[in-house]
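Subject: Handing over the structure

Hello,

Here is the structure I promised to pass on to you. Please open it first, and then read the notes below alongside it.

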Amino acid sequence: MADTRAVLDSEEYPDTEVQKDRVLTLEEWQEKWVNRNTGFHQEQGHQLLKKYLDTFLKGEKALRVFFPLCGKAVEMKWFADRGHSVVGVEISELGIREFFMEQNLSYSEEPIMEIPGAKIFKNSSGNISLYCCNLFDLPRANIGKFDRIWDRGALVAVNPSDRKRYSDVMLSLTRPGFQYLLSVLSYDPTKHAGPPFYVTDGEVKKLFGSVCNIQCLEKADVFEERHKSWGIDQIIARLYLFTEK
């Protein structure tokens, strides 16, 4: 336990530039779904989100909640079941269809006129809408503003060279009084090329600090057996809460 605490309190890994030119195409992400290379999906949901859910929601009702790069995250149904409206974006149509099937939700689909080739999938209740398109095309669809953003696997998946562009899109979607919950990962980037990519505390503050108050709620050891294949023996999740300045 002492070793874990030492890592949690230690300086961040110094080789922050080693992943900066790494690029994954949208086709490669789609192939991950086809090939079942989706170890990032958490069937039981995110444990830190569960822990801080009340802090995140603040007891408010009928919120609009955005899930960037949503995959088939089970938490989308958690929020919908609590009476909130959920919007997600995901490049993999397979991932979106699997979400509705695994959650036993009937759904419809229709093209998004503003984005050629894109589709929107909605459950029959109308409180879950998932856009199948490139996240950077999404603003063209005029999806409105959000009270909450849950960013668990998105910033760490975006190509490092696209992070500023990504944060600009995310902040453009926030309503006054928003709360934005972000989970990022810290590990030795010289041993694993990513994704998920290593995001430093300094990078988080550079991307969001001009607009947001930033609070680190928790640092947690999230190492699992599967991470051994990455060549690492330690991985830390940091959970941040952003609020409006």
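In these notes, helices (H or I, at least four residues) and strands (E, at least two) are DSSP runs, numbered from the N terminus. Please keep in mind that this is a predicted model, in which local features need pLDDT of at least 70 and side-chain atom pairs count only at pLDDT 80 or more, while totals for chains, interfaces and linings use all residues. Residues are numbered from 1 along each chain as its sequence is written, and side-chain values use heavy atoms, with hydrogens and water left out.

Let me start with the loop between β7 and α7, where P196 is found. A cis peptide bond with omega of about -5° joins P195 to P196. P195 is found in that loop too, and the peptide bond that leads from G194 to P195 is also cis, with omega near 0°.

Another loop to look at runs between α3 (47-57) and β1, and K58 has its place there. K58 is not a glycine, yet its phi is positive, about 60°. A62 lies in the loop between α3 and β1 as well, and A62 has a positive phi near 50° without being a glycine. A62 is exposed, with a relative accessible area of 60%; here exposed means over 50% relative accessible area, buried under 20%, and partly exposed in between (1.4 Å probe, protein chains only).

Now to the strands. Two strands pair if DSSP finds at least two bridges between them. β1 and β2 are parallel partners, with four bridges, and F67 stands opposite G88 in β2. From β1 the chain crosses through helix α4 (residues 75-81) to β2, a right-handed β-α-β crossover. Right-handed here means that, with the strands pointing away from the viewer, the path from the first strand over the helix to the second runs clockwise. Strand β2 (residues 85-90) has five of its six residues buried, so it is largely enclosed by the rest of the structure. β2 also runs parallel to strand β5 (residues 128-132), joined to it by five bridges, and V89 stands opposite Y131 in β5.

β6 is mostly covered, with six of its six residues buried. This strand pairs with β1 in the parallel sense over two bridges, and R148 in β6 is the bridge partner of V65. β6 pairs with β7 in the parallel sense as well, over five bridges, and F146 has T174 in β7 as its bridge partner. The chain gets from β6 to β7 through α6, again in a right-handed β-α-β crossover.

What does α6 pack against? The buried residues of α6 pack against β1 (64-67), β6 (146-151), β7 (174-186), α7 (201-208) and β8 (212-221). Among the buried residues of α6 (residues 163-172) are R163, Y166 and M170.

Finally, have a look at the second largest pocket, which holds about 270 Å³ of space. Of its 13 lining residues, T16, E17, P160, R163 and E203 are the closest to its centre. α6 and α7 each supply at least two residues of the lining, and the largest share, three residues, comes from α7.

I hope you enjoy exploring it!

Best wishes

Notes
Contact = heavy atoms within 4.5 Å. 1 Å grid on protein atoms, 1.4 Å probe; cavity = no way out; pocket = protein on both sides within 12 Å on 5 of 7 lines; lining within 4 Å. Points joined across faces, edges and corners; volume = space filled by probe spheres on them.
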